Amino acid sequence: MTAAVVLGVAGYVAEPYARDWMLAGSACHGALPRDVVDRLTPEGAHLDSEESRQSDGLGSYGCDLTIEGDEIQNSRLIEMEAYTRRDDQDREFFGAFPEEGFSRQGVLPDGLPGFIDDYRAINLLLPCPDLGEDAEGRQRKLLVRTWMGTDTLSGVPGAAYEAAVALTNSASERLGCGAEPLKAPKGGAVPADPEADPKTLSTAEAKGTACGWVAEAGLPKGADWRVEVGMNNAAPTGRCDVSSGDGESGSEKSLAFVAWYGDWSNRLNFEDGNGEFRSMTASARCDGEAANYALGGSEDIPGVGKAAQQRLLKRFAQDQVNRRGCSDLRFHF
């Protein structure tokens, strides 16, 4: 009788962990490694449910995994949506970059073709060789958006990127994309928080980075120039932010140099209604699609008047064109 009671209690205690094991293995059609799920799950929480949905006709696939627990405020552990239709991708980009497109974004480790948007989603955009070209002769692509809940331990070294890469590779396979499988970055990288204070470098330290052009850009001497490197040469968007001054006292002056790649970005450089290019923008052609560049920020920086800003935009855009093998670079001042 006592043995039966002990076994019963042991079975009751083990049940949540058995359910965790089962859900971790079945979520997103088994794409998520169980150890990654375990590292993302907060202490004291258990997996609650998983759901997957796919529409081959619409070229879409999605899945999510939820958690529960006494201290859990947000039930989402991880969620993913993937799209191969251009209209769906454009909708997501338009949401991430409204109006003139100067939205906050986080850079991904080199080699990952994407960015972190203002909603903290990891966006990865890959070409789909097995899907051919669309009606306008453009290579069809796969956009995969992966985001974590506020309670998810996305700061655990490597875990969030391992999950996003695993889900992207799975979505490519399920939707017939045929993209070259991605590899998770080494070194335990964690996603940047677009709302957190950015890491900045001196202009000398920026040499050799994707914003290294700033070091030779001829910025006025005597100011403590800092560079926030938000560029990834494989991503569909990125930015180099250059600032000087004391941000705490409100005297900081900054300039944002932003690049967007893909026909979706054409609307960002045009004035509403009249079809003319905005001032302080540039355009080019990259991989058969549009590329657009723009400069925004403070207008009263000592030594950086209109002529200097035009020169800086030229340096930025030319550097981007050189890095990506683009052509037909044009400036709109």
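The lining of the second largest pocket draws at least three residues from each of domain 1 (21-175) and domain 2 (200-332), with domain bounds that come from an automatic or database domain assignment. This is a predicted model, in which local features need pLDDT of at least 70 and side-chain atom pairs count only at pLDDT 80 or more, while totals for chains, interfaces and linings use all residues. Residues are numbered from 1 along each chain as its sequence is written, and side-chain values use heavy atoms, with hydrogens and water left out.

The C-alpha centres of domain 1 and domain 2 lie 28 Å apart, and 25 residues of domain 1 are in contact with 22 residues of domain 2, where contact means heavy atoms within 4.5 Å.

Rolling a probe the size of a water molecule over the atoms shows where empty space is left. On a 1 Å grid over the protein atoms alone, a cavity is a set of points where a 1.4 Å probe fits but cannot get out, whereas a pocket is an open set with protein on both sides within 12 Å along at least five of seven lines, and lining residues have an atom within 4 Å of a point.

| Space | Volume | Lining by class |
|---|---|---|
| Largest pocket | about 730 Å³ | 12 nonpolar, 7 polar and 9 charged residues |
| Second largest pocket | about 420 Å³ | 10 nonpolar, 3 polar and 5 charged residues |
| Largest cavity | about 60 Å³ | 4 nonpolar, 2 polar and 4 charged residues |

Both domain 1 and domain 2 give residues to the lining of the largest pocket, so this pocket lies between them. Of its 28 lining residues, Val-107, Lys-199, Glu-228, Val-229 and Gly-230 lie nearest its centre. In the second largest pocket, which is lined by 18 residues, those nearest the centre are Lys-141, Ala-234, Tyr-261, Asp-287 and Arg-324. Lys-141 and Tyr-261 are also among the residues that line the largest cavity, and that lining, too, draws at least three residues from each domain.

The largest nonpolar core has 42 residues, of which Leu-32 and Leu-65 touch the most other members; such a core is a set of buried Ala, Val, Leu, Ile, Met, Phe, Trp, Tyr and Cys residues joined through side-chain atoms within 4.5 Å, and buried means under 20% relative accessible area with a 1.4 Å probe, protein chains only. A second, separate core of 32 residues includes Met-280, Ile-301, Ala-308 and Leu-313.

How values were computed
Grid points are joined across faces, edges and corners, and a volume is the space filled by probe spheres set on the points. Ala, Val, Leu, Ile, Met, Phe, Trp, Tyr, Cys and Pro count as nonpolar, Asp, Glu, Lys and Arg as charged, and the others, Gly among them, as polar. Buried means under 20% relative accessible area, exposed over 50%, partly exposed in between (1.4 Å probe, protein chains only).
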